[in-house]
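Keep the 3D view open as you read.

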Amino acid sequence: MKLTNTTILTAGITAGLTLLTGAAFAQVPVLTVYTYDSFNSEWGPGPGVELAFEEICECDLQFTSTGDGAALLARLRLEGARSEGDIVLGLDTNLMAAALDAGLIAEHDSTPGDLTLPMTWDDPHFMPFDWGYFAFVHRTDMETVPGSFEDLAASDASIVIQDPRSSTPGLGLLMWVQNAYGDEAAAIWEGLADNVVTVTPGWSEAYGLFLEGEADMVLSYTTSPAYHLIAEDDAGFEAAAFAEGHYMQIEVGGILQTADNPDLAQQFLDFMISPAFQTVIPETNWMYPAALPVDQLPEGFETLIQPETALIFTPEEAAAIRDDALATWQNALSQ
């Protein structure tokens, strides 16, 4: 093509616009959120949260997932000051003290406001985004459903559980048994050992094995049957109510010390307890939102069991007993 002055001018303008567009795109800040696998799955909260936050932040929200919640903390510890994360999303009260001790979390400026947790919350480093009760989920056609850990240990029911070293549900189960039985926890685990079919690294693998028929029950949440009822129109699942009570999990987010843009990270932490985030939780993470009234939960949540006794350790208590509880668990399951 013969070049004319007009052609050269047009090419120059086009190139200039391309550079300007590229420069503008490059200036969009990136917020990197470290979370667990199921949060960032195509069926989890991740896609909805990303869409809603990017509508208000003028930023690019990117999730980085690495196994289950406890594995997430392990990765952050390994990366230390080299981490590229701005936010950690998906630790729970059992891991908060460990994350603080590792110097990973900065203080936030968020105000808890109208949280709907079943307990007060006033923590300068973490904000809650959802909560639930651990429970063993089974099919409704199970003939004899255990009503306690002692019943379960005495039964032939097979269970799938998660590894407490990599999974927050797995660690929650340790805390549940320890909270309910104290010095008798070792005897409970010894009784449960022959019920355990397998121990998986995370929740997703365990629940998948249960759905494939590999076990009668799976460690999950009292809210898990809501997924089958609402998303699959299947009322054939329920959570077993245990007489000891049920251990509570509160999932939290925090700003990492490595955050490149602390103001944007703070904006995300405030967004976590806004309606735009909270309304995504019930039908994607299948947990109770931390700041959404009960009358705004989806139809079907009213059918879930409500534990008569809620069990929980403080973050400091959980950190203090974790190693002994883990040793008790390992010793029982290795015999």
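This is a predicted model: local features need pLDDT of at least 70, side-chain atom pairs count only at pLDDT 80 or more; totals for chains, interfaces and linings use all residues.

1. Which ring partners F129? The ring of F39 does: the two centres are 5.9 Å apart and the planes stand at 85°, so the pair is edge-to-face. F39 is buried as well, with a relative accessible area of 0%. F129 belongs to strand β5 (residues 126-139) and F39 to the loop between β1 and α2 (46-57), so this pair ties together parts that are 90 residues apart in sequence.

2. Do look at the surroundings of these two rings, too. F39 and F129 belong to a cluster joined by ring pairs, together with Y36, F53, F63, F268, F271 and F277. The structure holds 26 aromatic pairs.

3. Another pair worth a visit is F149 with Y181. Their ring centres lie 6.3 Å apart and their planes at 80°, so this pair is edge-to-face. It ties together parts that are 32 residues apart in sequence, because F149 lies in helix α5 (residues 149-154) and Y181 in helix α6. F149 is buried at 0% relative accessible area, and Y181 counts as buried at 15%.

4. One ring has a charged neighbour: R139 lies over the face of F210, at 4.9 Å from the ring centre.

5. Finally, turn to helix α3 (residues 69-79), whose buried residues are G69, A70, L72, L73, L76 and E79. Their cover includes β1 (30-35), β3 (87-92), α4 (93-101), α6 (168-181) and β10 (246-256). After α3 comes G80, with a positive phi near 55°.

Conventions
Residues are numbered from 1 along each chain as its sequence is written. Side-chain values use heavy atoms; hydrogens and water are left out. Buried means under 20% relative accessible area, exposed over 50%, partly exposed in between (1.4 Å probe, protein chains only). Helices (H or I, at least four residues) and strands (E, at least two) are DSSP runs, numbered from the N terminus. Contact means heavy atoms within 4.5 Å. Rings of Phe, Tyr and Trp (its six-membered ring) pair if their centres lie within 6.5 Å; planes under 30 degrees apart count as stacked, over 60 as edge-to-face and the rest as tilted. A charge sits over a ring if NZ of Lys or CZ of Arg is within 6 Å of the ring centre and within 35 degrees of the ring normal.
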